[in-house]
Structures are given as structure tokens and as C-alpha cells.
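Welcome! Here is a short briefing to read alongside the structure.

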Amino acid sequence: MKSTAVTAAAPESGLSIAAISARAFMDEAQAVEALLAHVAPLASLDAQIMATARPWAQAIREGGPGHGMEAFLHTYGLDTREGVALMCLAEALLRIPDGDTADRLIRDTFEDKDWRGHIEGGEPWLVSASSWGLLLTGKVVDFGQDTAGGIAGTLRALVGKAGDPVIRQALRQAMRIIGSQFVLGEDIKDGLNNAKPFARQGYRFSFDILGEGARSDAQAQGYIKSYHEAIALIGNEAKGQPLFTAPSISVKLSALHARYSLSQKGRVLEELLPRLKGILRLAKQHNITVSIDAEEANRLDIEMILFSELLADPEFVGWNGIGFVLQAYQKRAFHVVDFLAELAQKHHRIIPLRLVKGAYWDSEIKHAQLHGLPDYPVFTRKAHTDLSYLACADKILSAGCFYPQFATHNARTVASICALAKRYNVGRDGFEFQRLHGMGEKLHALVLKDYASRIYAPIGEHKDLLAYLIRRLLENGANTSFVNLLMDKETTLENLLADPVAQSKAAMGAAIDVPALLYGDRGNSRGADMGYLFLREAFEREVAKHHGLMHAMTPARMQKDDIFSAIAGAQEAQIGWARESVEVRCLVIEKAAELIEAHIHPLMALLAAEGGKTFPDAIAEVREAADFCRYYALMARRLMASPHTLTGPTGESNQLALHSRGVFCCISPWNFPLAIFTGQVVAALVTGNAALAKPADQTMRIAAYAVKLLHEAGVPRQAVQLLPASGSLVGQTAVADARVAGIVFTGSVEVAQTINKTLAQRPGPIVPFIAETGGQNCMVVDSSALLEQAVDDIVLSSFGSAGQRCSALRVLYVQEEIAGKLMELLAGAMQELRLGNPAELSTDVGPVIDAKAQKELGEHIAKMKTSAKFVASVPPSKAEGSFVAPHAFEIDAIARLEKEVFGPVLHIVRFKAGQLQQVADAINSTGFGLTFGIHSRIGDNIDFFTARIHAGNIYVNRSMIGAVVGVQPFGGEGLSGTGPKAGGPHYLPKFLYERTISNNTAAIGGNVALLAGKTAS
């Protein structure tokens, strides 16, 4: 394919997938240093690069943004309300089946925004059409009329009558016009036909079937069928063309299997791999390339595993049509090139390798922060990504075992590739450039004169455009993108074409604090993502070492006298503990957070064995326990470090100070046996109280381990004591004992009411009672919601932790027009869940807590099967234990449920578009008020429910579980609890007395300060 004029560095030999995985979270500065060292010899090419790039950029800028997608992005910037509004309209309108909801979305989009600048004077045809719709122009209203309100006023009046079907249809047409700029055709036949004018210009094509991930096997089979049909039709077009010249197809592995992830490695190899081989087999027959598209960073390891399997398969020996897509913004991209090169050389292949910069950047940053990952898997500075792209391109062009495909719209990057190709004597037929359909047209028209260019062309219905549309808009419409800056006359060409090597040297470090520093004034707990092979292997290995803890940590049961002795000991210890400074107490509690994180593996083993927690749930619970420690330490410092000076009259000092109350009895549940247990106890301890910690009978070993760590951190042994006794005994003793200064409880409404009665009958002072109880938690999904996103959140909210969360979704309200489709998708998604041993990483749903819970849930499911409409269930488990397969039923009203069903059972109620008030009233009528969720793209609907629903935690377009300490303080109202919210800024004062000291400073004979002429007190 080429001759190499310059000797390149040899691939890093023997780099395993696990070793590459471990490089995902490299320190950014160190990663950049390595890249700079690699590209240092390329400095001599800079003048050549600028001589090529500058005329291109100048010519494109002088030509203006044109009439396509780039004009749209230039006109409707993502930093404007109008740009965001149009993006939301384009994302949602075409999939809304009913006129009422569509009209609400239209009004929500166009009200209170300034459209004047986008419709007056000389806008490109696409911009005008996108704004108003071709059917509106000259038919419904004459925009040239001199109306009282001008054009913008006419629009507002027009939208005011948006119920008119003609106007609604016009805007739907406008959204299709926008969609056509992103999608080459709504099916492969249209795509091939629409590609012909571009092909005559010399462009090649890579077709991409829109589909961001199957949620069910039925969806996956539909995508597989589409790929097969597309390959057959593309193959007919490609007859007689060389492999790397012919049109190709890109395949998303998440579309081929609903559970494409490393945690499901067994199923992926057993089920997804044969599906992929079937696609490749057909592509081989037609001699067209299949590129395996890049997805999220935590899927790269499983992708490399699959790719290794494919290249090793004898069926594909000698065929060079299996392509890989590499994202340069990943820190390990540079090392993946070595891995692929070694694989190619081992199997004597040429690998088509598409190098992209990456399109999931913002979601990768958020994911790393949410999960407390060691660092970001992607670079946080654009210049570092550009540097990585350059280094990877250099290594790819020099390797001799790739067909390089460089996807970019950046003139500097294109010029750099051209210079590198000359350096390595790689001819025109030895590589190609690629661009997105609708993007980079002017640049690639110039490039096409001397080099091959391929258009990456999405195929699919416009209503399925969402995920692709959002990524493209964010990627290419961002203020930092080359496409955007190219049309910004205030950006000089020198700055636009700046050398990423120089930029990286000038800013070596990360632009965003690592996830551990997310909260600034307190640490973010350390987590893990089992999508990374090195983390998965380490966790499985380490957790397995501690399976014997179930027997070693069994505490001795307490009797009545033991509890009385514990109260006495706690009362005595509390005096000395309270005398410690708040700083000393905070340091001890922060040390406890470190110990909890350091003991994550034994804690996970206990959480699985005793609490039935799956790997993700166990990791999240350990993190939450650590977060409670750090957050409450931060709050205690703010509250108690020094008295609060209050403003008063001159000659007087007034100070308010907070003081501990004494001994708190902390009664925690079995569903969060570590996190809630720890949160209650450390809130009491950090404020100078002693804690008597009563865990649930079912999870005493986990509590015993937590108390052991608190003692190890420095909490006096008597200041925190475990009460391994029955709830009734603790109620008769500790709760009823006047020496106990407060009660913290999480559990059922019935038990909370019993505790409340006991406290009312107690002699002595009235003491604080902090209670968090259950909820009849509901979610509303209207017809503007994206069903795939909604189903993901419904499944997680309903069946995560086997439905045994206080916050879990119990009743789902679905708008009638989409109810059938949503339930079909939900049923398919539920079939993909795996019920089983929580110690196995592939398990999605573990057992319920005990046989009693299993029996009660079984009885409710049996009742529902006769009185409600069955929707779906998860396949049963063959493992022994208290398993309850998740179920979903359709009921006619929430009133059918007599109480909260605490387990993996979802109840679904349909509603009509005009019944929002009835839905809100029905939800509020339960008397509970813990969590509520809504999935909608309509701001008015979101505002309606958030203003009316009585719930402590409301979640919009996301799951209803997983409240984060200090971010989503957790707790309800009504039957769901007393407040204050756990993990919130108002929680600790409930554990404290307030005392004020007023000192007449003038009592000694006069107000010296006032006599001296000072006016302040």
C-alpha cells in the first residue's frame, strides 16, 4: 500500500486489553507529555501545514456559511434560547402522535423568545424554512404585510392559534426540512438515490442506520434486518469497485443487542457475536467494508474483545473489510492504535481504521463525575484532543497495516494529515478523509481535488433523529468547534488554525477538576465502572476474597439489661465526645469515610450476601456512606466552628451557639443497611452526640462492620454502640428511656407511628423524632417523551435494588396515545433483565430481603394476575433464594392499591392528554409525598406537575432513584416523613440545641466604643 520513508516507533508490544483499560484514567498532563514527545519530530511540518490550511480557511470564510446544516448552526447558536428551543422542537415534534400535545410543545417553543433576527433580511433558505415551515410561507400568512406587531408579532399571533392543524402540519414540515440536513434518506433506497449527485462529484459513502441502542430483542432484530437489507442494496451499488473505494456501512453494536456491555460479556459473546458475524458474512459476499462504530468509553473494552474474536475467526481470513472506529478524545486512543496494529500483524490484515475526535464528550464528563471515577477517560481540553488526533494519525499512517480514514471538518487537521501522508509516502489511494452529511462541505470540496473523501451518511426516519441530532449539534455547534469559529469573523485565522502542540504545551493540565474534586469543599466518594476491564477484574477478584465475612461478623444478640447498660455507657461517653472541638470530631468522621472506601471490597461482599445487593448497587451504597461522612463533617464545621454573632443594640454582645443534645437512638432499615445506617449515626456523632445504632434484624453484620470502622477511625467505643436486638425490644427500652435525647428512624409508616406514640407517653422533655418512611411513588410520561429514555428510567426506578428502595417507582401514568408502544418496549426491556445471584456481575436484579417479603409480594402478584392486566415479567431465576421476578400490570386507578408494594412490581395507569389535573389529584390523594418523576419535553407540563405534586424529591427526564448526598437531599412529606431531608443543609440542626448568650458590655460603666465615636455595636 505504501513505502515508508521515515522509520516510525514500533507498536507497544503485548499490550493487553486490560492494560489499555487501565490507561483510561491517566493523569491528563502525563498523557499529554507522552503525546508531545511522540509528535516532537513533526515540528518541521508546521510551515507546510499552515501553507495548506490558511488558504482553505480563508476561502471558506469568504464564501459564508452556505445554505445547509452549517448555516442552521451558525444562525441558531446553542447559546441562544431560540437555538435550544428549535433543537427541542426538532427532537420531539415529529414523534408526538396527538395534536393536543404537539400544540403544547409548539406554544412552549415559540412563546417569549426573540425570533425577529432570524426572519428579517437575507437569511439562507434553510434558516427561513426551518423557522416557519414552507407551508406557512404565502399560504397561511403573508410575512411581508406591515402588521402592527411586525413579523415577530405576526408569529406570536400565529402561535397563539397553534391548534390549527394547518399550522401544526407546517411546523412538522419545517422539522422534516431540518431533519433532511442531518439524514441522507429515510431508508437505504432513498439514501442511495440521494447519494448519487455527491458520488458524481467523487465522494464515497459510509451509510449509518440510525439507532442508538436496542432496548429489547425485538428492536435488535429489527436493526439486524435493516443492516442486512442495507448491505444487500449497497452491495449491488458497489459491484466491481475495490473494497476501500466502494460504499461501506457503519454498525453500532448497541443496536444489535440490548445488553451490549462488559458486565454481560457472556451473553455478548454468545448472542451478539454471532449476529455481528452474520452481518460481516453478508458484507464479505458483497465486498463492502463494515466499520464497527465507537460508542461510550466504557464500551471500548468489550468492543476490543469482540474485534479480537472477529479477526481471529477463520471464516474472515484474508478479508480486509472489518473496520474499527477510534475516538481521539479518549486518553487511551494512542495505545489502542498499538493494540490494533499488533492484531493486524498477527492475523495478516489491513484494518480500515476511522479516526474521529469523539461525540460523547459532555456525557463522558458527567458520567465520570456521577460515578466517582478515578479521572476522566477523555481529554478535557480541545487542544489535547487535537494533539491526540495528530499523534494517532502519525502512528496510523506509519504502521503499514491500516487503511486510514480521517474524519474531520478542521482545516488544520486535514492539512496536518496531508503533510504526514507525504512524510510517510502514503499516496492518494492509501487513505481517505471523511465528513458528516451536511457538514464540512466547502472544506471537503477543496480536499476532494487531491484526496479521497467519504461522506458519513445517517439513514433513518426523521422522528428517530434524536440522539444523532443532539450529538451533532453539540459537537459542531459548540462555541469551541472549528465549524462554529470558522464563521466567527472575530476569531482570527491564526487563532483558528493554531497549532495544537503549542496550545497543549501552554495548558498541560486538565480544564476540569477530576471527579474527586467535584464538590470543591468536600471530596466526592470514589466509585467504579464495571465497563472497564481492569476495574471489573480487580473488583471480582477482591470481593471474592471476603465471602466468609457473613459468619465472622455475626454480632451477639442483646437483651434488655444489655441495652440499659449501653444507654448508660453512651450517656457517659457523650460528655467527653461533646467536649472535643468540632474540628476533631469532623476529622474522625472524615477518617471514617476513608476507611469505608478502603474497605469497599469486604463491604460489597457483605452487602451481596446479607443484603442481596448487586455489584452496582453495592458500589453505590458504599459511596453514599462515605458521602454522608464528608458532607456532615462539612456542615458541622459551618454550623458549630464558632458562635454566630447577631446584630443588636450598641453596648451589647449577642451570640448564638449550637450544642449537642445527648444520646440518639438511630434505627435504620434493611434496604440501605450501610448508607442509611451510616448517615444516621455520623449525623449524631459529628454534632457531639452519642449514637445507639439499631440495625434491621436482617442486616446486622453489615452494621457491625460499619461500627468497627467508626471505632477504628477514632470514635470512642461507648459513643457509638451497636444494638443487635429486635425492634420491639429496642422500642420498649431505648425508645422509651428518658435518657435518650432523640430518635432517628427510617422504615414503615406503621412503625413510625408506634415510635411517635411511645415518645408521647414518655416522661421528661419532648425530644426530636426524625422519620423517613415510604411512598406511593409515581411517574408521569406524556406523549412528547422519548420512549427509549423513559423505559430506561422506568426499569431502573422500578426494579433497581429489586424494587426495595423507598424512592422506587410504584405507579406509572402513561398518556394514552403512547401507552401501547411504551408497554411493548417495556415488556421487551424486562425480558432482557437477569434475576439471580447478586455476587455475579451479570445479575441485574437480586433477591428480596427474606422469605416473608417474598411471600407477601407473591400474594400481591397473584392478586394482580386476576384483577389487573398483565403487561410483562422478568424471566424467573434458577438460583435458590428469596427471588421475586419483576412484574408490570396495568390498573385503572391508583386507588386500587391499598398500600405501598415494597418490591419489584410496577403498576401502570393510562391518562388522556387533557387530564393532567386529575392525574395530579389522584397522586396527591394517597397522602404520601416522597418521590415523583416526569418525562416530558413540554416545559408547561413539567411546570404544572412540579407546582402541584406534593413530593419531597421530584425528578425530570431521569430516573427517580439514586439521590446523591448534598446534591439531591432526600426525604418526603405527609405520610412519607417528618423531615428534615437526609444529606441536606437543614439536617444537622435537628440534632442540636440552640443557646444564645447576651452580654451587656456597657455594664462596667459606659459604652467605650460609642463614646469613642464608633457607631457600630
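**Starting inside: Phe324 and the cores**

Leaving out residues up to four places away in sequence, Phe324 touches Ile292, Leu300, Glu303, Met304, Phe307, Val336, Leu340, Ile351, Pro352, Leu353 and Arg354, where contact means heavy atoms within 4.5 Å. This is a predicted model, in which local features need pLDDT of at least 70 and side-chain atom pairs count only at pLDDT 80 or more, while totals for chains, interfaces and linings use all residues. Residues are numbered from 1 along each chain as its sequence is written, and side-chain values use heavy atoms, with hydrogens and water left out.

- Phe324 and Phe207 have the most contacts inside the largest nonpolar core, which has 119 residues. Such a core is a set of buried Ala, Val, Leu, Ile, Met, Phe, Trp, Tyr and Cys residues joined through side-chain atoms within 4.5 Å.
- Helix α16 (residues 333-347) gives the most to this core, with 9 residues.
- A second, separate core has 86 residues, including Leu373, Val588, Leu685 and Leu709.

**The chain as a whole**

- The protein chain holds 40 helices and 23 strands; these are DSSP runs numbered from the N terminus, with helices (H or I) of at least four residues and strands (E) of at least two.
- Of the 1017 residues in the protein chain, 60% are buried, meaning under 20% relative accessible area with a 1.4 Å probe, counting protein chains only.
- Among contacts between residues at least 6 apart in sequence, 79% join residues at least 24 apart.

**Helix α32**

- Helix α32 (residues 700-713) has 14 residues and should span 20 Å at 1.5 Å a residue, which agrees with its end C-alpha atoms being 20 Å apart. The expected span is 1.5 Å times one less than the number of residues.
- Because 11 of its 14 residues are buried, α32 is largely enclosed by the rest of the structure.
- Among the buried residues of α32 are Met700, Tyr705, Leu709 and His711.
- The buried residues of α32 pack against α26 (549-552), α28 (582-598), α29 (600-611), α31 (675-686) and β13 (720-722).

**Leu184, a loop residue**

- Leu184 sits in the loop between α10 (165-182) and α11 (188-201). Is Leu184 buried or exposed? Leu184 is buried, with a relative accessible area of 6%.
- Although Leu184 and Ile459 are 275 residues apart in sequence, their C-alpha atoms are 5.9 Å apart in space.
- Beyond its neighbours within four places in sequence, Leu184 contacts residues including Phe198, Phe207, His437 and Ile459.

Methods:
Buried means under 20% relative accessible area, exposed over 50%, partly exposed in between (1.4 Å probe, protein chains only).
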